[in-house]
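Dear colleague,

Please find the structure below, followed by a summary of what was found in it. I would be grateful if you could read the two side by side.

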There are 2 protein chains.
Amino acid sequence: MAVDAGRFLSDLHALRAIGARGPGVVRRAFDADDIRARHWLAERFAEAGLTPRIDPAGNVWGLRGRLLMGSHTDTQPEGGWLDGALGVIAALEVARGNPDISVVSFQDEEGRFGATTGSEIWSGALSLPAADDLRDLSGLRFGEARLALPATDDFPDPAAFDAYLEHHIEQGPVLDAAGEVAGIVTAIVGLRQITVTLTGRQNHAGTTPMAQRADAFRGLAAADRAIGNALAPLVTPDTVWTIGHITLHPNAPSAVPGRARFTVQWRDADQARLDRMEGAIRDALSRTATDQGLGLEVSDTAALPPAAMSPDIRAALCRAAEAHAPGRWREMPSGALHDATNVARLMPVGMLFAPSIGGISHDFAEDTDTDDLTTCLTILDTAAARLTA
Amino acid sequence: MAVDAGRFLSDLHALRAIGARGPGVVRRAFDADDIRARHWLAERFAEAGLTPRIDPAGNVWGLRGRLLMGSHTDTQPEGGWLDGALGVIAALEVARGNPDISVVSFQDEEGRFGATTGSEIWSGALSLPAADDLRDLSGLRFGEARLALPATDDFPDPAAFDAYLEHHIEQGPVLDAAGEVAGIVTAIVGLRQITVTLTGRQNHAGTTPMAQRADAFRGLAAADRAIGNALAPLVTPDTVWTIGHITLHPNAPSAVPGRARFTVQWRDADQARLDRMEGAIRDALSRTATDQGLGLEVSDTAALPPAAMSPDIRAALCRAAEAHAPGRWREMPSGALHDATNVARLMPVGMLFAPSIGGISHDFAEDTDTDDLTTCLTILDTAAARLTA
């Protein structure tokens, strides 16, 4: 059971070097560095006595015991070095000393094609043929991209595992602000996302009077305001919503924008609230489009339900945290989505958070104190030992 | 003096074929099709007995007489087939029958690098070394781009010309809505443009509470509203302003936008109003950045003053319009910028507008009735004959 903190940190930094960009990392699902990292990981699994396996969705497995641990090694377009990679390498280190562990790195957690695509496929919520038609923002299909990482075997049978334990950075400011070392997750919030297209009339920016314009950007700006107003009476302080991706057409300084396409994403732990928010957002978009004389299309709706964590796994993590970091941990919800959301469809799941310095995540500057990383590794190892005893 | 309408239309369609995209055209300054079009034009000048010449800025000249006529053959990213090409080909046809004419196609009128760059350089308002440092949206320098179209000679001496007469489509809905055939321009509005960068904090869209965000897109949406409110008391119905180009960073659905860069452009015929608008826009941006906790940078300020047309050229155009389209023409300001704005620094200038069907411009769907094109050609020829008599 003795984890080796030095070996764990050495592995983390070796993985960080694959796709490094300054302090951060870029490994988009199925890009060259992501594939390199997945082959590197399969070699580490073999060295540790696990049976390496790559499934058709690009998930990389190290098979041995009935407690599945892991996370993902793909990153955002500007990813932090820890994020999900922390959970995969911590699981590898725990598995070296505990024969009842299997390890996984799920694919496309960061949503190049979908959102938590690899674990969604494995959980049965998304079929492989349906996943193959997902496209990244450049139009590349998942089905085409995954040819670059050939499967060695079919998907592992979920019945081979009793439970799933995921370690990840918090990606928010709570633990760091409180000076705490670990967070035990109570539930993962649900997520909804739609792609909205507002269509106006592209025209000359000098000769088209303001009153005669149908300006798709102005519609987007108004939609942001209308959505904010519509959501205000529905939300809690933990609810979030984001317009994060925008494409303007023709995107020229002297042309009135004829088309704006953008994502609207919202998250909350309450399924009923997610529904009410979707109604309010769609109403706000309809009103905005009508007011501004714009065409409206809503497409690519994605939904992930909130997921509760297993009471047994929570209890094991809490006991281990109190043993190794007494008084310096808390239970908390996860505002971020994780592969555990999908795996919860198959078996009991639990999650352990390490602090994020300054709450910074999905950014090259993301980091965690080394002492906190090794304390969390010990908590994880102790909890895994209890769960496999 | 006899213009040949068939030859004129045949030339227009031959030029349309270079860079054709369906009914529209793409010839960005110094791209392969723009250069092909400029060599094609130089050959037409030579055939017509004009002396062809390419200057260091990429302007193409057909030199013979002291009345300079023309416009530009480069296009917007999704350009109409007429736009400035109409004025160049009409000038060529007039010059075939009138030895007192020279013809020019200015470069980069459509602002790939600057705005009316070629005529701005020739007018002395922009030095060639300063122009060389202008960059397009991909970062390519004007100085590098122009190497693809080597100069045959230095710039022609402006003293070789007495006046400049430009024909162009209206690019607005006024003539078409009134069923009129021609517009004689009274003045060209001035233009200002700035590039604005709002900098927030890029972070995870699930774990960052709304109250703790510094969302650069939300700042952009608020800036649009603040600018509109600030300008309302200052503007006339003819004043326009546009946010037409936006770059969001990192532009991912699950990341709070850390940076938004966008252009703000405004136009008016009154220089003092342009100044007041600039003050109001900069104040609105400062207030928005402060309110939202964002960094603000304003760069790449561009300014073109309003330009009055020559009374003599206006009178010649009005007489010719009344002769060939009695009661079906009007005098009007130009809401669009033209090369004539720059040439007005050097000599008297005048402009003739053909109608734009539906007011559509800077769009592949731009068009004008053939009868209106040939009537305008005749008006232009008659006015040129009077001015060179």
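**A hairpin in chain B**

E3(B) and E4(B) form a hairpin with five residues between them, and B:Gly58 in the turn has a positive phi of about 90°. Strand E3 covers residues 51–54 of chain B and strand E4 residues 60–63; they pair in the antiparallel sense over four bridges (two strands pair if DSSP finds at least two bridges between them). Within this pairing, B:Pro52 stands opposite B:Gly62. Helices (H or I, at least four residues) and strands (E, at least two) are DSSP runs, numbered from the N terminus.

Please note that this is a predicted model, in which local features need pLDDT of at least 70, side-chain atom pairs count only at pLDDT 80 or more, and totals for chains, interfaces and linings use all residues. Residues are numbered from 1 along each chain as its sequence is written, while chains are lettered from A and ligands numbered from 1 in the order in which they are written.

**The two chains**

Chain B can be laid on chain A with an RMSD of 0.1 Å by a turn of 180° and a shift of 0.0 Å along the axis (copies are superposed by least squares on the C-alpha atoms of residues with pLDDT of at least 70 in both). That is the relation of a two-fold axis. In chain B, the C-alpha of B:Ala221 is nearest the axis, 2.2 Å from it.

In the interface, 51 residues of chain B are in contact with 51 residues of chain A (contact means that the C-beta atoms, placed from the backbone, lie within 7 Å). H8(B) gives five residues, the largest share of the side of chain B that touches chain A. By class, that side has 21 nonpolar, 23 polar and seven charged residues; Ala, Val, Leu, Ile, Met, Phe, Trp, Tyr, Cys and Pro count as nonpolar, Asp, Glu, Lys and Arg as charged, and the others, Gly among them, as polar. Of the interface residues of chain B, 98% are also interface residues in chain A, so the copies meet through the same surface.

**Helix packing**

H8(B) also packs against helix H9 (residues 271–292) of chain B, at an angle of about 140° and with the axes 9 Å apart. Axes are lines fitted to C-alpha atoms, for helices over the stretch in contact, and angles run from 0 to 180 degrees between N-to-C directions. Among the residues that meet are B:Ala222 and B:Ala226 in H8(B), and B:Ile281 and B:Leu285 in H9(B). This contact has 12 nonpolar, three polar and three charged residues.

Yours sincerely

Terms used:
Contact = placed C-beta atoms within 7 Å.
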